[in-house]
Amino acid sequence: MMKNERTTIITAGVVVGLIASLLVYFGNPANMGYCIACFLRDTAGGLGLHSAKAVQYIRPEIIGLVIGACGAAFAHGEFSPKGGSSPLTRFTLGFFAMIGCLMFLGCPFRMLLRLAGGDLNALAGLAGFAGGIYAGIYFLNRGYTLKRTYKMTPAEGGILPAIAVALLVLLVAAPAFIHFTKAGGGPGAKHAALFVSLAAGLAVGALAQRTRFCMIAGIRDFILFRETKMLWGFVALTVAALLCNLTLTAVTSGSFFKLGFAGQPIAHTDGLWNALGLFLAGFACVLLGGCPMRQLILAGEGNSDSAIAILGLVAGAAFAHNFGLASSGAGPTANGQIAVIIGIAVVTLIAYLNTYKK
């Protein structure tokens, strides 16, 4: 492993961790400076795809992530339109990855941010996430594949970045058409100023594109190849966010850090379902080839397979909130528990059929 590559990833982790914590200072929900699952859910609500009024806002961080990745890919000659690899399977995996994330109340990225904010419930999520990656690796080692991708036209690869630009125009120029959570009405009402959020998204998108930052890849590559460079990036991100939270707490007398299990913001204390939620998310994302953030970055690079996975994530978020599958601070719902078990079964079946029945 090249030393400068590890240094670059660690530096990127520090910057991303600081950005995520500062977004909370500027108005984002606590321990949710940057959460791909939560922000896709809020965006789905902002577009009227679900009726949960507490989580409705088109998040500029998601828009910036895609545009930033697209710009970085173009600047370095890495915009590479491709796709056509089992699109409906990828949609389904994205759908159930979101069901798992909303059981835990956050994506793997937020798992680290919750730890940095003192939320020890995220430890159960981390254990489940690692277990889900192990499950996916079992099938990878036995030949799991969703078949080859094909070169696409630049127009095809540019569709999701164009959608991101359209959402930005809608948010800035036509807010009357957007569903907004009313002030005090829930997490959707808590957000940094639009251009602060957008700038943060652009920066994280460009950094993640250049470093191939992925929550799945760190654990997967360590298990398969004993490669640690991405894991060091995760450690750097968590430590930077932790130190920033402690500093903000000391300077502002706010509550950016609270150590413990009970009373954590937008979290519940059911360890079993925290673990099973991220087990499902980790398992599905290994089969997809990357975490939710990585899917957005790849879509920014022109990968339509990842764009399909993102549509699955958005559909999963809308379905979860329309049918009572998402957890809340009070804990998981019965419908959500059933959905997670079904999701684990479906993802296992997908893994089996694409490993042994090719």
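Here are some notes on this predicted model, point by point.

1. **Ground rules.** The model is predicted, with local features needing pLDDT of at least 70 and side-chain atom pairs counted only at pLDDT 80 or more, while totals for chains, interfaces and linings use all residues. Numbering starts from 1 along each chain as its sequence is written, and side-chain values use heavy atoms, with hydrogens and water left out.

2. **Salt bridges overall.** Searching the whole structure turns up 8 salt bridges. The term stands for a side-chain nitrogen of Lys or Arg within 4 Å of a carboxyl oxygen of Asp or Glu.

3. **The Arg 41 group.** Arg 41 and Asp 42 form one of these bridges through their side chains, at 3.0 Å from N to O. Both residues are buried; buried here is under 20% relative accessible area, exposed is over 50%, and partly exposed is in between, using a 1.4 Å probe and protein chains only. Arg 59 joins Arg 41 and Asp 42 in a network of salt bridges.

4. **Glu 78 and its arginines.** Which side chain meets Arg 210 in a salt bridge? The partner is Glu 78, at 2.9 Å from N to O. Arg 210 sits in helix H9 (residues 194–211) and Glu 78 in the loop between helix H3 (60–75) and strand S1 (82–83), so this pair ties together parts that are 132 residues apart in sequence. For the labels, helices (H or I, at least four residues) and strands (E, at least two) are DSSP runs, numbered from the N terminus. Glu 78 also makes a salt bridge with Arg 212, at 3.2 Å from N to O. Arg 212 belongs to the loop between H9 and helix H10 (215–225), so its pairing with Glu 78, in the loop between H3 and S1, ties together parts that are 134 residues apart in sequence. Relative accessibility is 36% for Arg 210, which counts as partly exposed. Glu 78 is also classed as partly exposed, at 23%, and Arg 212 is partly exposed with 33%.

5. **Helix H3.** The length of H3 agrees with expectation: at 1.5 Å a residue its 16 residues should span 22 Å, and its end C-alpha atoms are 22 Å apart. That expected span is 1.5 Å times one less than the number of residues. H3 is mostly covered, with 12 of its 16 residues buried. Among them are Pro 60, Glu 61, Ile 62 and Ile 63, as well as Cys 70, Ala 72 and Ala 73. Just after H3, Gly 77 has a positive phi of about 65 degrees.

6. **Helix H10.** Is H10 enclosed or open? Here 8 of its 11 residues are buried, so H10 is largely enclosed by the rest of the structure. The buried set includes Met 215, Ile 216, Arg 220 and Asp 221. Packed against the buried residues of H10 are helix H5 (108–116), helix H6 (121–140), H11 and helix H12 (271–288). **H13 against H14.** Helix H13 (residues 292–300) packs with H14 at an angle of about 135 degrees, their axes being 8 Å apart. That makes H13 oblique to H14. Axes are lines fitted to C-alpha atoms, for helices over the stretch in contact, with angles from 0 to 180 degrees between N-to-C directions. Angles under 35 degrees count as roughly parallel, over 145 as roughly antiparallel, 65 to 115 as roughly perpendicular and the rest as oblique. On the H13 side the contact is made by Pro 292, Gln 295, Leu 296, Leu 298 and Ala 299, and on the H14 side by Ser 306, Ala 307, Ala 309, Ile 310 and Leu 313. Contact means heavy atoms within 4.5 Å.

7. **Ser 306 up close.** Ser 306 is a residue of helix H14 (residues 304–322). With 3% relative accessibility, Ser 306 counts as buried. Leaving aside neighbours within four places in sequence, Ser 306 contacts Gln 295, Leu 298 and Ala 299.

8. **H9 against H13.** H9 and H13 pack at an angle of about 90 degrees, with axes 10 Å apart. The two helices H9 and H13 are therefore roughly perpendicular to each other. Val 204, Gly 205, Ala 208 and Gln 209 of H9 meet Met 293, Arg 294 and Ile 297 of H13.

9. **Thr 252.** Thr 252 is in helix H11 (residues 229–252) and is partly exposed, with a relative accessible area of 33%. The C-alpha atoms of Thr 252 and Ala 326 are separated by 33 Å, the two residues being 74 residues apart along the chain.
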